[in-house]
Amino acid sequence: MKPAQSPAETSVLYNAACPVCNFEIQHYARYAGENRLPIRFDDLNSAACALWGLEADQAARRLYVLHDGSLSSGIPAFRVLWAQMPRYRWLAWFVGLPGVFQSACALYDHALAPLIYRLHLRRLRKNASQGEGQA
């Protein structure tokens, strides 16, 4: 995939309740807003999740990006997002290099995404148990 020359409508589905996800995506959202880039950021914990056709649990497992009618997830989704932002196009290119791409996908798919998802489930359990104590 080559970084796009002119951005088209791009949508990002992320978990705003996850501190790690929210921190990173809010950085991209600020950058996109400051530069008037046509990128929309949807929180999977809002009604917007239903528009994606994904269950909230499925969406919480990884980043999803919809660009030009094509849905991608994980590292390919990050590459699509980065390619839409001039400051990050180099990163989309770099992560797409042979070897780098496979390594980044393996790290994200087998370590980072599962870890972040387990932390998400732990937060949900903690919130649910605190809610039971207040009932």
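Is tyrosine 108 buried or exposed? At 11% relative accessibility, tyrosine 108 counts as buried, because the cut-off for buried is under 20%. Bear in mind that this is a predicted model.

## Aromatic pairs overall

Let's look at the rings. A pair of aromatic rings is described by how far apart the centres are and by the angle of the planes. In this model the count comes to four aromatic pairs.

One of them is tyrosine 31 with tyrosine 88, an edge-to-face pair with 5.7 Å centre to centre and 85° between the planes. This pair links distant parts of the chain, 57 residues apart. Tyrosine 31 sits in helix α1 (residues 19-34), while tyrosine 88 is in the loop between α3 (75-83) and α4 (89-95).

## Phenylalanine 78 and tyrosine 108

Back to the residue we opened with. The ring centres of tyrosine 108 and phenylalanine 78 are 5.8 Å apart and the planes stand at 75°, so this pair is edge-to-face; angles over 60 degrees get that label.

Phenylalanine 78 belongs to helix α3 and tyrosine 108 to helix α5 (residues 100-134), so the pair ties together parts that are 30 residues apart in sequence. Phenylalanine 78 is buried, with a relative accessible area of 8%, and tyrosine 108 is buried at 11% relative accessibility.

Methods:
Residues numbered from 1 in each chain as written. Predicted model: local features only at pLDDT ≥ 70, side-chain atom pairs only at ≥ 80, totals over all residues. Heavy atoms only, no water. Phe/Tyr/Trp six-rings, centres within 6.5 Å; stacked < 30°, edge-to-face > 60°. Helix = DSSP H or I, 4+ residues; strand = E, 2+ residues; numbered from the N terminus. Buried < 20%, exposed > 50% of the residue type's maximum accessible area, 1.4 Å probe, protein only.
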